[in-house]
Amino acid sequence: MKVAFQGEPGAYSEAALLEHFGGQAQSLPCETFEQVFQAVAEGNARYGFLPIENSLAGSIHRNYDLLLQNDLYVVGEHHLRVSHCLIGLPGARLEEIESVISHPQALAQCDGTLRRLGVKTEPVYDTAGSVRLVQAEGNPRRAAIASRRAAQLYGMSILAEAIEDNPLNFTRFLIVAAEPVHPRGDAKTSIVFALQNAPGALFKALSVFALREIDLTKIESRPLVGKPWEYLFYIDLAGSTEETRVQNALHNLNEFATFLRVLGAYPRHRFTEPFSS
Ligand SMILES: O=C(O)C(=O)C[C@]1(C(=O)O)C=C[C@@H](O)C=C1
């Protein structure tokens with residue numbers, strides 16, 4: 001079973017998909033998030049595995065936009081504990097590092113450490129790829145931020161460990177597929193909607209859930225392209241579209257929303273050991 005992810009072997013997205021699907025998964029590296037969606041839409045991968053938010057650095061906006069632009073369904077989620085290493089050439093010394101490259105999300109999650117080290121930073125497209133670049137360049141004053149596994153894969157040295165600004169560093173991934181699933185039990189549903197701007201419009205929209213005791217777990221707004229200063233609201237809620245109260249809430253929202261799409265309902269992923277790496 002092929003699962004597409006953005007990045008190179010050793011990326012956190014690959015670690016997350018292997019943790020989620022175990023041995024059944026064959027990971028398919030893609031250069032961009034667009035290519036992940038495309039691989040699933042064209043049937044080259046059964047699932048796409050996409051980072052959507054991080055507990056330190058926030059949302060990955062590009063993937064919110066792509067969820068709407070593509071006709072795939074969210075069928076699952078996964079939380080990964082992300083612990084970053086500073087990785088250099090074998091023999092490199094931490095005190096001599098002048099510049100650090102990595103994925104922008106990884107740089108953001110280690111912002112405090114990087115400021116303390118007083119190094120220059122440069123974004124590259126993926127954490128594992130940044131290790132490969134440092135290896136190819138052969139400059140002992142340059143380092144990458146990536147996982148322990150990426151350092152091992154490329155035969156590089158770990159100069160510092162657990163350099164994220166807070167140990168409660170988790171990235172949440174969404175799993176997309178060509179067909180929806182219909183979960184019962186502990187589930188979540190992701191939706192996106194737009195509203196006519198009016199006093200209390202968002203309050204009214206959120207009340208369709210509050211009145212039915214439906215817990216909202218995430219809200220994100222994105223610009224509505226072509227309508228300056230109007231917004232799309234992405235909401236994750238606890239519950240499945242198989243439940244009557246969720247169906248009623250969505251039906252109610254649809255009565256006044258100018259646009260509503262259910263991106264998918266999926267089994268909820270809960271941590272068992274939140275502090276393990
Ligand atoms: O660059 C990687 O290793 C990725 O898998 C991407 C990504 C992200 O986009 O957030 C995934 C998890 C971490 O938060 C850092 C980077």
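The centres of domain 1 and domain 2, taken over C-alpha atoms, are separated by 23 Å, and the contact takes 13 residues from domain 1 and 14 residues from domain 2, where two residues are in contact if their C-beta atoms, placed from the backbone, lie within 7 Å. This is a predicted model, in which local features need pLDDT of at least 70 and side-chain atom pairs count only at pLDDT 80 or more, while totals for chains, interfaces and linings use all residues. Residues are numbered from 1 along each chain as its sequence is written.

**Domains and annotations**

- The protein chain is divided into domain 1 (2-81 + 169-177), domain 2 (85-160) and domain 3 (187-267), with bounds that come from an automatic or database domain assignment.
- By class, the side of domain 1 that touches domain 2 has 7 nonpolar, 5 polar and 1 charged residues; here Ala, Val, Leu, Ile, Met, Phe, Trp, Tyr, Cys and Pro count as nonpolar, Asp, Glu, Lys and Arg as charged, and the others, Gly among them, as polar.
- An unreviewed UniProt entry places the feature "domain: Prephenate dehydratase" at residues 2-178, and in the model this span is 33% helix and 33% strand, with its end C-alpha atoms 13 Å apart.
- The UniProt annotation "domain: ACT", also from an unreviewed entry, covers residues 190-267, over which the chain is 27% helix and 38% strand and the end C-alpha atoms are 11 Å apart.
- UniProt positions are given in the numbering used here, feature names are shortened, and annotations may be inferred rather than shown by experiment.

**The shell around the ligand**

- The ligand is surrounded by 15 residues, of which the closest are Ala11, Tyr12, Ser13, Gln105 and Thr127; a residue is near a molecule or strand if its C-beta atom, placed from the backbone, lies within 6 Å of it.
- Two or more residues of this shell are given by each of the elements α1 (12-21), β3, α4 (104-109) and α6 (127-137), where helices (H or I, at least four residues) and strands (E, at least two) are DSSP runs numbered from the N terminus.
- The shell draws at least three residues from each of domain 1 and domain 2, and its residues divide into 7 nonpolar, 7 polar and 1 charged.

- In helix α2 (residues 33-41) the buried residues are Phe33, Val36, Phe37, Ala39 and Val40, a residue being buried if 20 or more other C-beta atoms lie within 10 Å of its own, exposed if 12 or fewer, and partly exposed in between, with C-beta atoms placed from the backbone.
- Seen down the axis of α2, these buried residues fall within an arc of 160°, so they line one face of the helix; the arc is that of the directions from the helix axis to the C-beta atoms.
- The cover over the buried residues of α2 includes β1 (2-6), β2 (26-30), β3 (47-54), α3 (61-69) and β11 (170-177), and α2 is followed by Gly43, whose phi is positive, near 80°.
- The buried residues of α3 are Asn63, Tyr64 and Leu67, and they cover an arc of only 105° around the axis, which puts them on the same side of α3.
- The cover over the buried residues of α3 includes α2, β3, β4 (58-59), β13 (216-223), β14 (231-238) and β15 (259-267).

**Individual residues**

- Ser147 sits in the loop between β9 (142-146) and α7 (148-153) and is buried, with 24 other C-beta atoms within 10 Å.
- Leaving aside its neighbours within four places in sequence, Ser147 is in contact with Gly10, Tyr12, Ala15, Cys85 and Thr127, whereas Ser147 and Val176, 29 residues apart in sequence, are 24 Å apart in space, C-alpha to C-alpha.
- Leu117 is found in helix α5 (residues 111-117) and counts as partly exposed, with 18 C-beta neighbours inside 10 Å; Leu117 and Ile163 are 46 residues apart in sequence and 11 Å apart in space, C-alpha to C-alpha.
- Glu213, in the loop between α8 (201-210) and β13, has a positive phi of about 60° although it is not a glycine, and with 9 C-beta neighbours inside 10 Å Glu213 counts as exposed.
- Trp229, in the loop between β13 and β14, has a positive phi of about 70° although it is not a glycine, and with 7 C-beta neighbours inside 10 Å Trp229 counts as exposed.
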